[in-house]
Amino acid sequence: MRKTVPLYINGEWVESESTRFIPVTDPATQEVISQVPCATADEVERAVAAAAAAFTEWKEVAVPERARLMLRYQHLLKAHHDELAEILSRETGKTFEDAKGDVWRGIEVVEHACNIASLLMGETVENVARTIDCYSYTQPLGVCAGITPFNFPAMIPLWMFPLAIACGNTFVLKPSEQDPLTPTRLAELFEEAGAPKGVLQVVHGNREQVDNLLTHPQVKAISFVGSVAAGEHIYRTGTHHLKRVQCMVGAKNHMVVMPDANKQQVINNLVGAGFGAAGQRCMAISVVVMVGEAQAWIDDLKQAAQTIRPGAWDDPQAAYGPQINPQARDRILSFIEKGKQEGANCVLDGSHCAVEGYPDGNWVGPTLFTDVTPAMEIYRNEIFGPVLCVVNVDSLDEALALINDNPMGNGTSLFTACGAAARKFQHEVLVGQVGINVPVPVPLPFFSFTGWRGSFFGDQHAYGKQAVRFYTETKTVTARWFDEDIPGGPNMTINLR
Ligand code: NAD
């Protein structure tokens, strides 16, 4: 592991001149594995200037050539898949298998970016007026910036810069300060794939560095993934500075269980979706809505949850890793306490979780609350830990009303054997990503990541066709070639003639 994390500016790996560094720690031990700088204002300025200068040339590079860069990149990412996953595991604590999934879901976006030529295709209509044709092009914006969270340090940077760059933009990435080593390796491999100088830069830090990007006149578009509070600030500040902004933020995802569902599948899927990655997924299931007789399955859920435990990233028996830092663990523990005080029934309590050999890890065991009501704090907040809240209802209509009243709209799922119930649910639920007997319905990259309502600020979503729209401007050309004089003198109307 590197002692300090370098910045990547104009094709050079440089040590920051900052005097402020943030320790990067192993969440299973608290061992400091690296130090990440808070880049100086001058360094952020140089990163944006390098991206702006590189844009002049990069936008002229032929589209198939840009696609070939992505082809080489996806090949290198696959060749380094396990190495990337190990770096990721060491700085996040994720189990090795889950870390591989994090890398893989990013690689899929790069595969998608290899197809950029067809994604950039415009539209044409011949003869919009006599002898006049109309056609559109998609052209890049310029310098785009991305600000990413700790919980998917491979996948989420890869949601952003490959597509933005394939579209002809240049990019400044500001990764999470909690796990910057994986994005650093991603950038090294991008360089190795043949990315020209200045096409991608990586700067580090937190709010101050983000603010420098949000207010910089040469940054045209901002992609953000992270918490609601940071997203609100970024959306307001970025749009105030007249930039294009997309913010994918927090969640409270409900899984509805109908009594006709396959019980064993429900239990298995709930354990994976509720406790996997220590609950630190924006698409984690955090609320189980048991409809009618499905309420009898809570004891089975508890039994299954009891059989799993957290552990170190290289422990093959560990179901998930530690929380990212002690503050995150303490916040979760205080929610568990609050849940007990406000009258929920804590049938499985992971507050006092110890992992042999790792006394200092940020461990929280699987925790299950029943008799949760929508008024409770544990229902109203994104806990972002391995805590499942069970709410009981009598009907699918009641489940839908509950979900649609919740301010968040990232993901949801329904487990049922009834097609009509599934059809009703997918049609009526006000959530942007719906699973039918699929607990974590994260769309593949040829679709887009379409969180709704309080989980998203903006209009064009991450990856897929929507990201191509986000990272490009449409130019529409209306053209006529004269091969004879047009009778009638000047056209004094707005109509084409
Ligand atoms: P976070 O908001 O604390 O940090 C995300 C990024 O924003 C980091 O790079 C951080 O340095 C920066 N940042 C933090 N506070 C800032 C501020 N006030 N101003 C400007 N920049 C700021 O989020 P996190 O803890 O790293 O990630 C967890 C959150 O991300 C959860 O809420 C989760 O639901 C959300 N998330 C959402 C999605 C999605 O697609 N909707 C995906 C993953 C994570």
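**View 1. The seven-stranded open sheet of the predicted model.** Seven strands make up an open sheet of mixed pairing, ordered E14-E15-E16-E13-E12-E18-E19. At its edges are strand E14 (345-348) and strand E19 (433-436), each of which pairs on one side only. From one strand to the next the twist averages 20 degrees, with axes being lines fitted to C-alpha atoms, for helices over the stretch in contact, and angles running from 0 to 180 degrees between N-to-C directions. Strand E18 (residues 411-415) is joined to E19 by four bridges in the parallel sense, and Leu 414 lies opposite Ile 436 of E19. Two strands count as paired if DSSP finds at least two bridges between them. Helices (H or I, at least four residues) and strands (E, at least two) are DSSP runs numbered from the N terminus. This is a predicted model, in which local features need pLDDT of at least 70 and side-chain atom pairs count only at pLDDT 80 or more, while totals for chains, interfaces and linings use all residues. Residues are numbered from 1 along each chain as its sequence is written.

**View 2. The three-stranded sheet E5-E6-E22.** This open sheet has antiparallel pairing. Strand E5 (124-129) and strand E22 (472-480) each have a single partner strand, so one side of each is left without a neighbour in the sheet. With direction ignored, neighbouring strands are turned by 30 degrees against each other on average. Nine bridges link strand E6 (residues 132-140) to E22 in the antiparallel sense. Among the residues concerned, Pro 140 has Thr 472 in E22 as its bridge partner.

**View 3. The hairpin of E3 and E4.** Strand E3 (residues 21-25) and strand E4 (residues 32-37) run antiparallel and are joined by five bridges. Ile 22 faces Val 36 in E4. Six residues lie between the two strands of the hairpin, and Gln 30 in the turn has a positive phi of about 75 degrees.

View 4. The domain assignment, automatic or from a database, gives domain 1 (7-249 + 455-478) and domain 2 (253-436). Their centres, taken over C-alpha atoms, are separated by 31 Å. Domain 1 contributes 16 residues to the contact and domain 2 contributes 21 residues; two residues are in contact if their C-beta atoms, placed from the backbone, lie within 7 Å. On the side of domain 1 that touches domain 2, helix H3 (81-92) and helix H4 (96-113) each supply at least two residues. H3 gives the most to that side, with three residues.

**View 5. The surroundings of Asn 406.** Asn 406 sits in the loop between helix H14 (396-405) and strand E17 (408-409). Asn 406 counts as buried because 20 C-beta neighbours lie inside 10 Å. The class limits are 20 or more other C-beta atoms within 10 Å for buried, 12 or fewer for exposed, and in between for partly exposed, with C-beta atoms placed from the backbone. Cys 282 is 124 residues from Asn 406 in sequence and 15 Å from Asn 406 in space, C-alpha to C-alpha.

**View 6. The whole protein, for orientation.** The secondary structure comes to 16 helices and 22 strands. Along its principal axes the C-alpha trace spans about 85 × 55 × 40 Å. Of the 497 residues, 51% count as buried.
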